[in-house]
Amino acid sequence: MERYRHYGTSYTSSPGAAHVEEIHAEEEEEVEEVMYTEEEVEPLLEDETQPLVQETEGKTVPVESKNGKRTEGGGGGDAGGGPKYSVFTWFVVLGLLGVWSSVAVVYFNIVDYDTVIGKLTAYDTDGDGDFDVEDAKVLLGLKEAKRLHVGDTPERQTVLKAEETIKPAAETPNQQAAVPRAVEPTEAAPSVTPPRESESDDPQESISPYGDEANTIDTTGVLLAEPQTEESAGESAEYLTSSKLTQEAELVIEAEKQPEAADVDPQSETPKQTEAEGTSEKQAEDKLKEKAKKKKPKLLNKFDKTIKAEIDAAEKLRKKGKPDEALKAFERLVQQYPQSPRARYGKAQAEDDMAEKLRSNDMLQRAINTYREAAELPDVTSDLLRATLKRRAERQQFLGRMRGSLATLERLVQLFPEDIGLKNDLGVAHLLLGDNKGAKKIYEEVLGVAPDNGFAKVHYGFILKSENKIAESIPYLKEGLESGEPGTDDGRFYFHLGDALQRVGDNSAYDWYELGHKRGHFASLWQRSLYNVNGLKAQPWWTAKETGYTDLVKVLERNWKTIRDEALAVLDQNTGHFVPEEENLREKGDWGQYTLWQQGRKVGNACQGVPKTCALLERFPEATGCKRGQIKFSVMQPGTHVWPHTGPTNCRLRMHLGLVIPKRGCKIRCTNETREWEEGKVLIFDDSFEHEVWQEAESYRLIFIVDVWHPELTQHQRQTLSPI
């Protein structure tokens, strides 16, 4: 459930196709090399009742033809008979016809080679992907056919291709362990879930777009917005049109053009096999045919079938990566046939493609509106209606129109109430809006009719865990992950299952963490943050020298008493500035915080209570400008235990300055090393690694927390990374 993000720099220009004009020019040049003038050809076409050439004593004698012209040539013939024209003459004439025919075929695109070759593959008996001499020999009974596995039949290949198309690219896990880039590391995109749609297209809607998948599920069970950054956007652009909804829309177009090869029975074209084998293979092929037919949606109504050739021509331009030409073609079709749903859907797709090419939110909004227009036309087929609304939902969600996306999905569910996948998508839409109750109701309905649905299970388990129903959430999360269904192999579900198991004292939590690491969701067993930049130095504990922030550490340690006194003054006033920790990280006890900076910005008037402390920090942008961190006081009362947990990102390091530290009973563990605070001293650790805190003293513990950018991040990354 990652977030799809705003366009920004999300798109990269598609490579243009080669200019057809240049190809034609080359062909014409080749033709000119064999061209003859009329005067040169005319003698060759004369009546050859007389010999064209007479040989006298080895010399070639010019011969006068009927029109009085003289020519020289080779060859002979009987003076009184023989063929009317020489072999050479016919060769030249046929050659000219062949050359110009070839030019005409290429220039006017007379033959659709893809269609012809696609149909011939139905007779591919040796499994090499085409129809050739070897296949012909088999069909004629001159050669024995190679035994093909059922899974390799043309029908099976069609089905596999369709299935592959439907898989959401968004299900690619967070590749935190990927190889870092040569110049500077870029943020690894979290795993993605398919997007959906909306009736409200108000650009003023303030909901953030949901990044690579849906929303970020934080350790608290809250969905966090994760807007796309300039650097990660460029890398994720290739996935933008390969999400589940996009791919289903593309599958729709491909199915329109599929040849009816599935109706050919390969059994009748191969040598006889044993009866048992033939029956078994026949049954398997019948199942594949049936499945392939189910994958072929019907997008054309009766009227659209009458203009199918024009629609296909425009669609061909879009498929060739020429969205501007395709858009013009579909605009002409819409103008000429305003009631054609398929033409308007094609126009919306072309606008969609142009939005990606131009990185234009305005163009994308046009596409969203056109998708709506296509869905509202009369006589739209159910398959086209589904594809149109789902794609519209995806693009609305990409722009952050979450409420609109929710409305569109609600409409889809009303139109197709039996579609479990649409209900699951609707549940995610509720989660993205923070409506856990609405999502819970949806998933309860899904599990009521499909109790083994893995997608519904993991999301329902997540909701239960966010309600602090830890033990109850475990079986849903576990069974959902074990199902392996699309949308379940997500780092957040491994994260929350492991966390839930740890809280009930089940050490199998680390087995799930290890599996999550092997699946590419976590950088390691210990480092389980989900929003990472690849290639950054990773170690649990750091020294001031290793960070390069020695000046900041010195200022904090030299002024620790001033900082402590201001914190105590705020704490003693009992004004509520030290609010309880709300991230659901405590097993027991009392833990309060007073935040000065959050996501690189000052929090309200907090600095008015501690002006000297804030003045000291203003000099250090690595801290005050850290958009993925906080600066805050933390007070923890005796008897408090904080569960093992990890921070959300590897882009920061965390400094703890001891202010009021009891002599015994306060300690912090990061990975497998445990340390204690000292008054006036700074501890530095990477909180993307698992850490745990105990406060077993007889009085409160007070520290000052300062998050700083990871020292290996470039200035450009610090400016462009999204806040957390």
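Hi everyone, let's start with the cysteines: Cys607 and Cys614 form a disulfide, with 2.1 Å between their sulfur atoms. Keep in mind as we go that this is a predicted model.

A disulfide, as you know, is a covalent bond between the sulfur atoms of two cysteines. Which hand does the one between Cys607 and Cys614 have? The torsion about its S-S bond is about -85°, so this disulfide is left-handed. Both partners, Cys607 and Cys614, are buried. And how many disulfides turn up when the whole structure is searched? The search finds 1.

Two other cysteines deserve a word. Cys666 has a relative accessible area of 4%, so it counts as buried, the cut-off being under 20%. Cys670 is buried as well, and its relative accessible area is 0%.

Now for a pair of helices. H17 covers residues 420-432 and H18 covers residues 436-449; their axes come within 7 Å and cross at roughly 160°. How do the two run relative to each other? Angles over 145 degrees count as roughly antiparallel, and H17 and H18 are therefore roughly antiparallel to each other. Their crossing is left-handed.

Who makes the contact? On the H17 side we have Ile420, Lys423, Asn424, Leu426, Gly427, Val428, His430 and Leu431. H18 answers with Asn436, Gly438, Ala439, Ile442, Tyr443, Val446 and Val449. Sorted by class, that contact has 9 nonpolar, 5 polar and 1 charged residues.

How values were computed:
Residues are numbered from 1 along each chain as its sequence is written. This is a predicted model: local features need pLDDT of at least 70, side-chain atom pairs count only at pLDDT 80 or more; totals for chains, interfaces and linings use all residues. Side-chain values use heavy atoms; hydrogens and water are left out. Axes are lines fitted to C-alpha atoms, for helices over the stretch in contact, and angles run from 0 to 180 degrees between N-to-C directions. Helices (H or I, at least four residues) and strands (E, at least two) are DSSP runs, numbered from the N terminus. Angles under 35 degrees count as roughly parallel, over 145 as roughly antiparallel, 65 to 115 as roughly perpendicular and the rest as oblique. A crossing is left-handed if the near helix is turned anticlockwise from the far one by less than a right angle, and right-handed if clockwise. Contact means heavy atoms within 4.5 Å. Ala, Val, Leu, Ile, Met, Phe, Trp, Tyr, Cys and Pro count as nonpolar, Asp, Glu, Lys and Arg as charged, and the others, Gly among them, as polar. A disulfide is a pair of cysteine sulfur atoms within 2.5 Å. Buried means under 20% relative accessible area, exposed over 50%, partly exposed in between (1.4 Å probe, protein chains only).
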